[in-house]
Amino acid sequence: MKLLPLCLLAVVAGVAVVAGVAGCARKNLTTPELYDAYCTRCHGDRGQGDPRSLTLYPRANLLASPMALRGDRAAIRERIAEGYGPMPAFKRRLDPQEIERLVNYTLQLGHPGHPGHPPKETP
Ligand code: HEC
């Protein structure tokens, strides 16, 4: 029974820590949530890119990305992991499975039925 208060303390501290780093917490995010958290600010919610940066970086439009259009998984994986130009590297922030899911997501951008596309008919 003596251990109980300690356990409680650990739980409370744990909650505080989780709450404290909520901005960086990324466990168990679905792929659309990952994309939203890490990619949307530069690539737009559907991969279309931020219009303000497209003049300077047309490649930020993932819908027109040559590597995505030719289905080059290795190249996309490398871009996400290593970054390129103004795009940061994600290999320290995302684990390999998360990167892999984002490769899939990038390849599907622009396809009908992609989670980035709201369904056409809304009830
Ligand atoms: C800070 C802004 C920024 C963030 C955040 C960002 N990107 Fe990028 N990304 C860019 C820019 C700008 C380019 C184009 C770079 C260039 O051509 O010099 C790019 C290029 C790419 C490319 C290569 C496209 C091509 O054909 O060359 C892929 C793939 C990509 N980003 C995927 C992602 C994914 C997935 C994420 C989220 C994990 C992400 N990016 C996050 C800015 C960003």
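How do the residues of the shell around the ligand divide into nonpolar, polar and charged?

## The ligand shell

In this predicted model, the residues of the shell around the ligand divide into 16 nonpolar, 5 polar and 3 charged. The ligand is surrounded by 24 residues, and the closest of them are Cys39, Cys42, Arg59, Ser65 and Gly85. Two or more residues of this shell come from each of H3, helix H5 (66-69), helix H6 (73-82) and helix H7 (96-108).

## Overall architecture

The protein chain holds 7 helices and 0 strands, and its elements, followed from the N terminus on, run α-α-α-α-α-α-α. Of its 123 residues, 16% count as buried. When the contacts of the protein chain with a separation of 6 or more are considered, 43% of them are between residues 24 or more positions apart.

## The nonpolar core

The largest nonpolar core has 10 residues, namely Tyr35, Cys39, Leu62, Ala68, Ile76, Ile80, Leu102, Val103, Tyr105 and Leu109. The elements that give two or more residues to this core are H6 and H7, and H7 gives the most, with 3 residues.

Leu62, one of the residues of this core, touches His43, Gly47, Gly49, Ala68, Thr106 and Leu109 when residues up to four places away in sequence are not counted. Among these partners of Leu62, Ala68 and Leu109 also belong to the core.

## Where H2 meets H7

The axes of helix H2 (residues 31-38) and H7 come within 10 Å and cross at roughly 90 degrees, which means that H2 is roughly perpendicular to H7. On the side of H2 the residues that meet the other helix are Thr31, Leu34 and Tyr35, while on the side of H7 they are Glu98, Arg101, Leu102 and Tyr105. The residues of this contact divide into 4 nonpolar, 1 polar and 2 charged. Tyr35, Leu102 and Tyr105, which take part in the meeting of the two helices, are also listed in the largest nonpolar core.

Leaving aside neighbours within four places in sequence, Thr40 is in contact with Tyr35 and Asp45. Thr40 and Asp50, which are 10 residues apart in sequence, are 8.6 Å apart in space, taken from C-alpha to C-alpha.

Notes: Residues numbered from 1 in each chain as written. Predicted model: local features only at pLDDT ≥ 70, side-chain atom pairs only at ≥ 80, totals over all residues. Contact = placed C-beta atoms within 7 Å. Near = placed C-beta within 6 Å. Helix = DSSP H or I, 4+ residues; strand = E, 2+ residues; numbered from the N terminus. Nonpolar A, V, L, I, M, F, W, Y, C, P; charged D, E, K, R; others polar. Axes fitted to C-alpha atoms, helices over the stretch in contact; angles between N-to-C directions. Parallel < 35°, antiparallel > 145°, perpendicular 65-115°, else oblique. Buried ≥ 20, exposed ≤ 12 C-beta atoms within 10 Å, placed from the backbone. Core = buried A, V, L, I, M, F, W, Y, C linked by C-beta atoms within 7 Å.
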